[in-house]
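Student: I would like to learn how to read pockets in a protein model. Could we work through one case?

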Amino acid sequence: MKYSRAEIISNDKITEGIYSMKVTAETESVKPGQFYMLQPRGELLPRPISVCEIGGGWLEFCYAVVGAGTLEFSEMRVGDEINLTGPLGNGFDMDFINKHKRVAVVSGSIGIAPFIEVCKRLTCEYECFCGFHGESYLTYRFVGRNALGTPHTKIATDNGVEGHRGLVTELFDPKDFDLILACGSEGFSKAVAQMCVKANVPLLISMDRYMACGVGACLCCTCKTVNGNERCCADGPVFKGGELLW
């Protein structure tokens with residue numbers, strides 16, 4: 001973990017309410033699935049944002065504008081500086097994942113963000129299932145990276161504007177895969193976890209919880225697990241699905 005001040009390289013609107021920010025950063029120790037705490041100037045508490053992509057000397061964060069802090073992020077310009085703390089959390093174990101033959105990558109809304117870097121590093125066969133409220137985003141970044149061929153990304157939208165009208169959990173059967181990776185809202189995560197438990201298929205799930213400190217001190221992101229209460233920021237955000245208690 002490191003405190004740093006980063007320069008914004010780009011900060012672009014992807015679709016309504018969704019932005020992509022690239023900043024200068026040291027990236028040697030960053031793992032897919034980890035996150036940073038980004039500090040708004042006008043707010044006391046930083047915001048946890050997962051790493052979307054790791055480049056040579058830069059990091060990309062994709063975020064949804066949901067409050068004052070992320071609204072401030074969306075208004076920042078190229079050349080502005082932002083305070084970062086990270087990398088934080090445990091991330092995805094890519095060596096473990098790539099030992100499996102077929103993997104399903106399942107995301108809900110902005111939960112797609114950490115899987116851009118994850119899918120770059122997959123050497124096993126995989127298929128992506130992405131759920132959105134409305135218009136999709138970032139799915140084109142998976143093109144050409146799938147050993148299964150096309151179509152390899154299936155989309156579900158609440159309003160039916162694209163792909164399947166309904167829930168992304170209606171698009172896949174865990175029993176068709178050796179391992180499931182998931183990230184999204186708590187309701188989405190619970191639904192995927194229950195499907196995987198019923199099918200007896202292992203799951204790695206990146207939990208989305210409100211975090212105030214990001215380092216395990218404030219305990220506001222506590223999750224209930226079979227091992228007792230664990231901190232999403234310090235013990236996660238990636239957990240084995242069977243460990244979580246809903």
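Student: From which domains does the lining of the largest pocket draw at least three residues each?

Tutor: Start with the general idea. Rolling a probe the size of a water molecule over the atoms shows where empty space is left. Now the case here, which is a predicted model. The lining of the largest pocket takes at least three residues from domain 1 (2-88) and at least three from domain 2 (94-206).

Student: What volume does the largest pocket have, and which residues are the closest to its centre?

Tutor: Its volume is about 640 Å³. The lining has 29 residues, and Pro 48, Ile 49, Ser 50, Ile 110 and Asp 208 are the closest to the centre.

Student: Which strand gives the most to that lining?

Tutor: Strand 4 does, with four residues. Strand 4 spans 47-54; strand 5 (58-64) and helix 1 (68-74) also supply at least two residues each.

Student: How do the residues of the lining of the largest pocket divide by class?

Tutor: There are 15 nonpolar, eleven polar and three charged residues.

Student: What about the second largest pocket: what is its volume?

Tutor: The second largest pocket has a volume of about 300 Å³. Its lining is made of 19 residues, with Gly 108, Ser 109, His 133, Ser 185 and Phe 188 the closest to the centre.

Student: Where does the largest share of this second lining come from?

Tutor: Helix 4 provides that share, three residues. Helix 4 covers 186-199, and strand 8 (125-132) likewise supplies at least two. By class, this lining holds seven nonpolar, ten polar and two charged residues.

Technical notes. Residues are numbered from 1 along each chain as its sequence is written. This is a predicted model: local features need pLDDT of at least 70, side-chain atom pairs count only at pLDDT 80 or more; totals for chains, interfaces and linings use all residues. Side-chain values use heavy atoms; hydrogens and water are left out. On a 1 Å grid over the protein atoms alone, a cavity is a set of points where a 1.4 Å probe fits but cannot get out, and a pocket is an open set with protein on both sides within 12 Å along at least five of seven lines; lining residues have an atom within 4 Å of a point. Grid points are joined across faces, edges and corners, and a volume is the space filled by probe spheres set on the points. Ala, Val, Leu, Ile, Met, Phe, Trp, Tyr, Cys and Pro count as nonpolar, Asp, Glu, Lys and Arg as charged, and the others, Gly among them, as polar. Domain bounds come from an automatic or database domain assignment.
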